[in-house]
Amino acid sequence: MNIVNPGKLSDMNPWIVYIAVSARLIMSGVFIYASYDKIMNPAAFAEAVFGYQILPPQLINITAIVLPWLELFLGILLLSGIWMPGAALGISFLMIAFIGALFYNLARGLDFYCGCFSATSTTGVSWWIILRDLIFLALSLYLVAYRFFLDRKKFSPLSNY
Amino acid sequence: MKNFFYYSCKKSFFQLTCIVLAASVAGMISNYSRTAKLPLIGDWTLEARLKSESDKQKPISLAEAKKLYESGSGAVFIDARSLDDYNKGHIKGARSLPWLQAEQLVMDVINTISNDTPVITYCDGEACKLSKELALFLENLGFTNVRVLVNGWSVWKEAGLPVEKDMKK
């Protein structure tokens, strides 16, 4: 059998594809929504980044300027299904970084603002947010796994799930 | 299959690099075209953070705050944290004015103090903004001598200065 020859969709449990499409759409919504307020209010988002007390001062503004656009671009790519391997990897790295930062600050008892979906929100951070982010991370990793191991149509030009 | 995995990895890292670069360019362009540009490297020192919005406002050092406290000058300490945090422990004699309810509660807290009384606001944590916001708010109400004790609760407690608990329901 030639492995370059694409497998038929019917060879695969359809749920594998359904879950991948759902994960892709959910995560694209999450990332596009999360980017909007931060793009509009970079100064407020910089305050939130500063509040995490993790990055050195030189990197805070750069992060506040670039990160929201990265979220937006990743969200758009997920939505359109273009460049899926790179986008899936990107959101997984970001989710790991977000969870790490939240966990570290909750563990050391810091009083900080999430800045997750709104640059200016003043609600505190609870362990529920980490749980929520772990679910997002699971979806992201599923997309990575799907592209790397499950998607048997990978070499077909039409496969962009 | 090995080949296939290798190409997937290579492809995804290449794509990711391009995405990050594109986001950097977009971020820079959007920041550059904004009226209120964010400097690429910000000044996040204590002085800069407290001075940015009002030139009048000055941070107060712990030593200075202690002197005011002990001199009996009538300086008023105001706790900007939540009532919960206040009840768990606060600077002895401090009044509670949680920033989130400042507008409703402010009159009860300030009606006995004159405009030129030294007022020192504090909250907790280097990055806590509550005390700064509260100080600006009080300045706008006409107080002329408002100072911020940065990371106030922590530094006060660590210095072994007088504290108390549960004064308000």
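Here are some questions and answers about this predicted model.

User: How far apart are the end C-alpha atoms of helix α4 of chain A, and what span should its residues give?

Analyst: Helix α4(A) covers residues 84–107, which is 24 residues. At 1.5 Å a residue, the helix should span 34 Å. The end C-alpha atoms agree with that, being 34 Å apart.

User: Which residue with a positive phi follows α4(A)?

Analyst: Along α4(A) itself, the buried residues include Met84(A), Pro85(A), Ala87(A), Met95(A) and Leu102(A). After the helix there's a residue with phi near 70°, and that one is Gly109(A).

User: Which element gives the largest share of the side of chain A that touches chain B?

Analyst: In this interface, 32 residues of chain A are in contact with 30 residues of chain B. On the chain A side, the elements giving two or more residues are α2 (42–51), α3 (57–80), α4 and α5 (127–150). With 13 residues, the largest share comes from α3(A).

User: How do the residues on that side of chain A divide into nonpolar, polar and charged?

Analyst: We're still on the side of chain A that touches chain B. Its residues split into two charged, six polar and 24 nonpolar.

User: Which residues have the most contacts inside the largest nonpolar core?

Analyst: That core has 71 residues, and α3(A) gives the most to it, with 12 residues. Leaving aside residues up to four places away in sequence, Leu74(A) touches Phe31(A), Ala87(A), Gly90(A), Ile91(A) and, from the other chain, Ile19(B). The residues with the most contacts inside the core are Leu74(A) and Ala87(A).

User: Which residues stand opposite Asp79(B) in β5(B) and β4(B)?

Analyst: Strand β2(B), residues 76–79, has both faces covered: Val76(B) and Ile78(B) are buried on one side, Phe77(B) and Asp79(B) on the other. It pairs in the parallel sense with β5(B) (residues 119–122) over four bridges, and two bridges join it to β4(B) (residues 95–96), also parallel. For Asp79(B), the bridge partner in β5(B) is Tyr122(B), and opposite it in β4(B) stands Ser96(B).

User: Is Ala94(B) buried or exposed?

Analyst: Ala94(B) sits in the loop between β3 (90–91) and β4 of chain B. Not counting residues up to four places away in sequence, it touches Phe77(B), Ile78(B) and Asp79(B). The cut-off for burial is 20 or more other C-beta atoms within 10 Å. Ala94(B) has 22 such neighbours, so it counts as buried.

User: What separates the C-alpha atoms of Ala94(B) and Ala75(B)?

Analyst: Along the chain these two are 19 residues apart.

Key
Residues numbered from 1 in each chain as written. Chains lettered and ligands numbered in written order. Predicted model: local features only at pLDDT ≥ 70, side-chain atom pairs only at ≥ 80, totals over all residues. Expected span 1.5 Å × (residues − 1). Buried ≥ 20, exposed ≤ 12 C-beta atoms within 10 Å, placed from the backbone. Contact = placed C-beta atoms within 7 Å. Nonpolar A, V, L, I, M, F, W, Y, C, P; charged D, E, K, R; others polar. Pairing = 2+ DSSP bridges. Core = buried A, V, L, I, M, F, W, Y, C linked by C-beta atoms within 7 Å.
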